[in-house]
Amino acid sequence: MFLSVTRSALACKGSQVLYEDNFSTLDPDWGEKSSNLSVNNSKLIIQPEVNKGYSVINQGSIFEDMDFCVKITLAKTEDLSGTSQGFLFWA
C-alpha cells in the first residue's frame with residue numbers, strides 16, 4: 001500500500017489542517033524504517049509479509065474528532081484473495 005498526502009488532498013476542503021505529511025522522509029512518529037515500512041518518492045510504503053497482517057500507527061498526534069483525505073495505490077498482485085486493507089483510528 002502506498003500512502004501519499006499531496007495537494008490533491010486539499011479537495012477535502014477542510015477548514016483547518018491539523019496534520020499533514022509530505023513523506024519527504026520517514027517521520028519517527030510512523031515508526032522505524034524496515035522491510036515493511038519505508039518512504040520513497042514522497043510516499044509512505046507499507047509492505048506486509050505475504051499472508052500476514054501489518055499495521056502502522058502514527059504516534060505523534062491525538063485528535064478528538066477528524067475528517068481525512070488520503071490517496072492510496074495498491075500494488076498489483078496476482079492473487080488478492082483473503083487480503084484486506086483499511087484504516088485504523090483511535091488505536
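1. Strands E2 (residues 37-40) and E3 (residues 43-46) run antiparallel and are joined by 4 bridges. Helices (H or I, at least four residues) and strands (E, at least two) are DSSP runs, numbered from the N terminus; two strands pair if DSSP finds at least two bridges between them. Within this pairing, valine 39 stands opposite leucine 44 in E3. The structure is a predicted model, in which local features need pLDDT of at least 70 and side-chain atom pairs count only at pLDDT 80 or more, while totals for chains, interfaces and linings use all residues. Residues are numbered from 1 along each chain as its sequence is written, and side-chain values use heavy atoms, with hydrogens and water left out.

2. The two strands form a hairpin, with 2 residues between E2 and E3. Asparagine 41 lies in the loop between E2 and E3 and has a phi near 50 degrees, which is a positive value in a residue other than glycine. Serine 42 is placed in the loop between E2 and E3, and its phi is also positive, at about 60 degrees, although serine 42 is not a glycine.

3. How accessible are these turn residues? Asparagine 41 is exposed, with a relative accessible area of 63%, and serine 42 counts as partly exposed at 39% relative accessibility. Here buried means under 20% relative accessible area, exposed over 50%, and partly exposed in between (1.4 Å probe, protein chains only).

4. Asparagine 36 is found in the loop between strand E1 (2-4) and E2. The residue is buried, with a relative accessible area of 12%. Leaving aside neighbours within four places in sequence, asparagine 36 is in contact (heavy atoms within 4.5 Å) with Ile45, Ile46, Gln47, Pro48, Glu49 and Tyr54.

5. Strand E4 covers residues 71-73 and holds isoleucine 72, and threonine 73 also has its place in E4. Isoleucine 72 is partly exposed, with a relative accessible area of 35%; threonine 73 is partly exposed at 39%. Threonine 73 and isoleucine 45 are 28 residues apart along the chain, and their C-alpha atoms are separated by 9.8 Å.

6. Isoleucine 72 also belongs to a nonpolar surface patch of about 600 Å², made together with Phe68, Leu74, Phe87, Phe89 and Trp90. Patches are made of residues with over 30% relative accessible area and no salt bridge; like charges are joined within 9 Å, and nonpolar side chains (Val, Leu, Ile, Met, Phe, Trp, Tyr) within 5 Å. A salt bridge is a side-chain nitrogen of Lys or Arg within 4 Å of a carboxyl oxygen of Asp or Glu. Accessible areas come from the Shrake-Rupley method with a 1.4 Å probe, and for residues only the protein chains shown count as cover.

7. Confidence is expressed as pLDDT, the predictor's confidence in each residue, from 0 to 100. The chain averages a pLDDT of 77, and 75% of the residues score at least 70. Confidence is highest in E2, at a mean of 94, and lowest in E1, at 49. Over residues 5-10 pLDDT stays under 50, and the model has 6 contacts beyond four places in sequence for these residues.
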